[in-house]
Amino acid sequence: MYRTKTCGELRIENAGERVTLAGWVQRVRRMGALTFVDLRDRYGITQLKFNEQTDAALCEAANALGREYVVQATGTVSERYSKNASLPTGDIEIDVIELNVLNKSLTPPFTIEDNTDGGDDIRMKYRYLDLRRTAVRRNLELRHRFCIAVRNYLSNIGFIEVETPMLIGSTPEGARDFIVPSRMNPGEFYALPQSPQTLKQLHMVAGFDRYFQIVKCFRDEDLRADRQPEFTQIDCEMSFITQEDIITTFEGMAKYLFKELRGVEFDGSFLRLTWDECMRRFGSDKPDMRFGMEFVELDDVLKGNGTFAVFNEAAYIGGICVPGQATYTRKDIDRLTEWVKRPQIGAKGLVYARISADGTVKSSVDKFYTQETLQSLRTKMNAKPGDLLLILSGDDAMNTRRQLCELRLEMGERLGLRDKNKFAMLWVTEFPMFEWSDEEGRLMAMHHPFTHPMDCDIPLLDTDPAAVRADAYDMVCNGVELGGGSIRIHDPELQEKMFEILGFTPEKAQAQFGFLMNAFKYGAPPHGGLAYGLDRWVSIFAGLDSIRDCIAFPKNNSGRDVMLDAPSAVDKKQLDEDFISVNTDAVEKSKR
């Protein structure tokens, strides 16, 4: 063994013991005749002490150590003269009698510290060094514990883990597929699964009534903080259940995970809101419920009751009441107005009103409205003296709500209301079954083509399919969608009807999903499921702003692995073997 103890386990009660440690040099400090070396491994840091008066050659060897050298040190545990309360091992040090350099290191391109001097790009290029940092390593350890907890919980309630293949057929409903050429089948391609959706449904047909899998999924879509081209799902499916059964099961799982991994307990059931209510009150299907500032629709108060043309011509007027912020200056408001006018928000302007200490309403549209109307505004928004009212309008209600949602989140951030150690859980239900695609010129499935409509809305499939609601549900925490699912269609005739509404010819439906439709003819049970985003769960638990820091080797915002330099061009011989030709002119044009 290269070591008898780790760098994180020695305490004052170990004083007098002879030990051998091995790890990486965090730093070297020379103080007169003494040299101190902080030795780090996955478990912690222990201080090594070298004394020039005791062993000059050994002390000289310690002084020659560089950052990230891999060393082995043998010595006696002793009580530190100057203790370090911030380290679990801070009461002791090792009086070294033998030092071996196991491997030298180049000077790292950034400091291996929690508060590193390395930017995102350089840390991703040298990710194997970044993973040595305690802050990042803890995220991976949390992920490990999370996976164990998931498996324990689901196994204990009768679920079995069954793997599904990574090379499947393409199902281009939803995000773009990543495709893989088949050398043995010239001109044909596999797709990497966006999720094991149809395969887990086949598990239900096969009689595995409680399936789960911690599985890699792949989607070729634009990236953001909570998206990666490859991500991990906790994929689950159950037979002979209703929506209530699934919500109860996985709400129980969420409570278990919070208690086991964060020490957080919830009283009662999670809040439930319909999709329509979420959009009306918060402008989002994943609202952050840690704070209020709900939308108030103001058409009845401001439209037609004054001479402000912008409001009189708007399709939607809505506002939020920001408590205690009437102290916002005109300069503050101007900056906020510029913020909402940014392209990523897209508002044309911002109207504000302050509630004075005496209850008077002072607004940027004072000259267009009487004080009586402004008082009606104050009443409608339940505003108190000292509050600030922020109002947006537009010619598209859904778009304006989205803009108001961004403004609400920004104000919540500014007021410190989005505490990462506070967790507000929510189930969103009754999603629309379909959404219109201008690009496709047809209705598209909001979730996927196998989602069951709510029973009471099935008659609308023939008369008003756009009004049909899905038997679907999402779990949301702090404005992040942690997972979602639905009851599935198990009736072949209803599934055929769904394909018809989505514009599939019988031939196309058979070509893409014939295996599933044929399986349903052999006694498919009622079933449904849910998929949790494991990366998002861990990032919420770790208090991260991005899922990248809880993934060992993530991609950047362009979908590139800068460490491996992937994706990259491949040799022409390999392309020829796969019967692929590349349109180099089009590639060069796309790069410009």
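Two strands are said to pair if DSSP finds at least two bridges between them, and helices (H or I, at least four residues) and strands (E, at least two) are DSSP runs that are numbered from the N terminus. In that sense, strand β1 (residues 18-31) and strand β4 (residues 70-79) pair antiparallel over seven bridges. The structure is a predicted model, in which local features need pLDDT of at least 70 and side-chain atom pairs count only at pLDDT 80 or more, while totals for chains, interfaces and linings use all residues. Residues are numbered from 1 along each chain as its sequence is written, and side-chain values use heavy atoms, with hydrogens and water left out.

**The barrel**

- Five strands form a closed barrel in the order β1-β2-β3-β5-β4, with mixed pairing, and the twist from one strand to the next averages 55° (axes are lines fitted to C-alpha atoms, for helices over the stretch in contact, and angles run from 0 to 180 degrees between N-to-C directions).
- β1 and β2 pair in the antiparallel sense over seven bridges, with R29 opposite F36 in β2, and their hairpin has two residues between the strands, with G32 taking a positive phi near 65°.
- β2 and β3 are likewise antiparallel, over eight bridges, and T35 stands opposite F50 in β3; two residues lie between these strands in their hairpin.
- Because seven of its eight residues are buried, β2 is largely enclosed by the rest of the structure (buried means under 20% relative accessible area, exposed over 50% and partly exposed in between, with a 1.4 Å probe and protein chains only).
- Helix α1 (residues 56-63) lies across β1, β2 (34-41), β3 (44-51) and β5 (92-103), and runs at about 70° to β5; contact here means heavy atoms within 4.5 Å.

**The surroundings of Q233**

- Q233 belongs to strand β10 (residues 230-239) and is buried, with a relative accessible area of 7%.
- Leaving aside residues up to four places away in sequence, Q233 touches several others, including Q194, C217, R219 and Y532.
- The C-alpha atoms of Q233 and C217 are separated by 6.9 Å, although these residues are 16 apart along the chain.

**The chain as a whole**

- The chain contains 18 helices and 22 strands, and its C-alpha trace spans about 90 × 75 × 55 Å along its principal axes.
- Of the 592 residues in the chain, 47% are buried.
- Among contacts between residues at least 6 apart in sequence, 65% join residues at least 24 apart.
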